[in-house]
Amino acid sequence: MLTVSRVNKTYNNGDFFSNNRQLVLSDVSFEVHGGECLGVIGESGSGKSTLGRLIAGIEKPDSGEILFQGRDVQSREVRLGHISAVFQDYSSSINPFFTVFDAVSELLRTMGQHDKKEVTRRVVDLLGQVGLNAGYCSKLPHELSGGEAQRVCIARAISTGPQFLVLDEAISSLDTPVQTQILNLLIELKERYQMSYLFITHDIQAVAYLCDRVLFFHNGRVVEQSPVSGLSRVKNEYSRKLLSSVIPFESKEMRSCHGV
Ligand SMILES: Nc1ncnc2c1ncn2[C@@H]1O[C@H](COP(=O)(O)OP(=O)(O)OP(=O)(O)O)[C@@H](O)[C@H]1O
């Protein structure tokens, strides 16, 4: 469904007067299959969000390609209605002057749905799917809790019935019970609509809960891929280090003591 091939991305290293560029993604290749949730984990600065922005079409790779159903995601037509994104910072994802109704209906209107009755019906239905009632329609972002605001972002993201959702630290700033509610909501939506997710996070337990497969990111490279069911068998030292808080791996020294 989504194919990332040999993607490289650099940024100016911050010095206005120099041409030096920082390599942020290096030769990144992987696939996400239909109905699959692929987790992306890696330490801060390893390039995960950059990857999410490239897939969401917010930025372009320097080289390589990202194809959705065989077509380049750089084309707005390929993305619109098919690929959506939910980011960590829900407060800046919604226009502060938009009501919940405006925020959730914006993409529907962009896609040509102007029948007011039908748009209202869709918005109320979408809010219902994320556990919010019609009374939220007239609220402004500052009147919402973090969990409610993130639900609005999800309702907005799924409003066009996308097949692919980029979730970049989408639950990270919520407290644990709300995180669990949102994870359960994502599982339910994925099953209902056969959506694929790219789930970018630091939270290995959330990955184990939601994802089918995991990519381990280190210094802008994919160092290992593993099904969630095989996490205890990952081989790369960096992947093992990331997982060490939840899986008690034996160290190299211990393994050699056991003759492994
Ligand atoms: N627009 C930009 N301009 C210049 N450098 C950038 C830009 N966006 C990201 N970077 C740099 O690219 C590197 C990777 O950043 P990115 O946000 O993709 O990492 P990350 O793995 O998502 O980190 P975190 O987990 O902390 O969100 C960092 O060194 C960052 O400073």
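**From values to definitions**

Tutor: Gln69 is found in the loop between E4 and E5. Helices (H or I, at least four residues) and strands (E, at least two) are DSSP runs, numbered from the N terminus. This is a predicted model, in which local features need pLDDT of at least 70 and side-chain atom pairs count only at pLDDT 80 or more, while totals for chains, interfaces and linings use all residues. Residues are numbered from 1 along each chain as its sequence is written.

Student: Why does Gln69 count as partly exposed?

Tutor: A residue is buried if 20 or more other C-beta atoms, placed from the backbone, lie within 10 Å of its own, exposed if 12 or fewer, and partly exposed in between. Gln69 has 13 C-beta neighbours inside 10 Å, so Gln69 counts as partly exposed. Its phi is positive, about 45 degrees, although Gln69 is not a glycine. The hairpin of E4 and E5 that holds Gln69 has two residues between the strands.

Student: What makes Asn219 partly exposed?

Tutor: Asn219 has 15 C-beta neighbours inside 10 Å and therefore counts as partly exposed. Asn219 lies in the loop between strand E9 (213-218) and strand E10 (221-227). Asn219 also has a positive phi, of about 50 degrees, and is not a glycine.

Student: Why does Val246 count as exposed?

Tutor: Val246 counts as exposed because it has 12 C-beta neighbours inside 10 Å. Val246 is placed in the loop between helix H9 (237-243) and helix H10 (252-257). Two residues are in contact if their C-beta atoms, placed from the backbone, lie within 7 Å. Apart from neighbours within four places in sequence, Val246 is in contact with Ile204 and Gln205.

Student: What is the order of the open sheet, and which strands stand at its edges?

Tutor: The open sheet has four strands in the order E2-E1-E4-E5, with antiparallel pairing. Strand E2 (21-32) and strand E5 (71-72) are at the edges; each has a single partner strand, so one side of each is left without a neighbour in the sheet.

Student: What makes strand E6 mostly covered?

Tutor: In strand E6 (residues 83-87), five of the five residues are buried. Ile83, Ala85 and Phe87 point one way, whereas Ser84 and Val86 point the other way. In a regular strand the side chains alternate between the two faces of the sheet. E6 is joined to strand E7 (residues 164-168) by five bridges, running parallel; the partner of Ala85 in E7 is Val166.

Student: What is meant by the largest nonpolar core, and which residues have the most contacts inside it?

Tutor: A nonpolar core is a set of buried Ala, Val, Leu, Ile, Met, Phe, Trp, Tyr and Cys residues joined through C-beta atoms within 7 Å. The largest one has 66 residues, and those with the most contacts inside it are Val40, Ile55, Val86, Leu167, Leu198 and Phe199. Helix H6 (residues 146-158) gives the most to this core, with seven residues. Beyond four places in sequence, the contacts of Phe199 include Cys37, Val40, Leu167 and Leu210.

Student: Which residues of helix H4 are buried, and what do they pack against?

Tutor: In helix H4 (residues 100-110) the buried residues are Val100, Ala103, Val104, Ser105 and Leu108. They pack against helix H5 (116-129) and H6.

Student: Why is the chain called as compact as a globular protein of its length?

Tutor: The chain holds 10 helices and 10 strands. Its radius of gyration is 20 Å, close to the 18 Å that the globule rule gives for 260 residues, so the chain is as compact as a globular protein of that length. The radius is taken over C-alpha atoms, and the rule is 2.2 Å times the number of residues to the power 0.38. Of the 260 residues, 35% count as buried.

Key: Two strands pair if DSSP finds at least two bridges between them.
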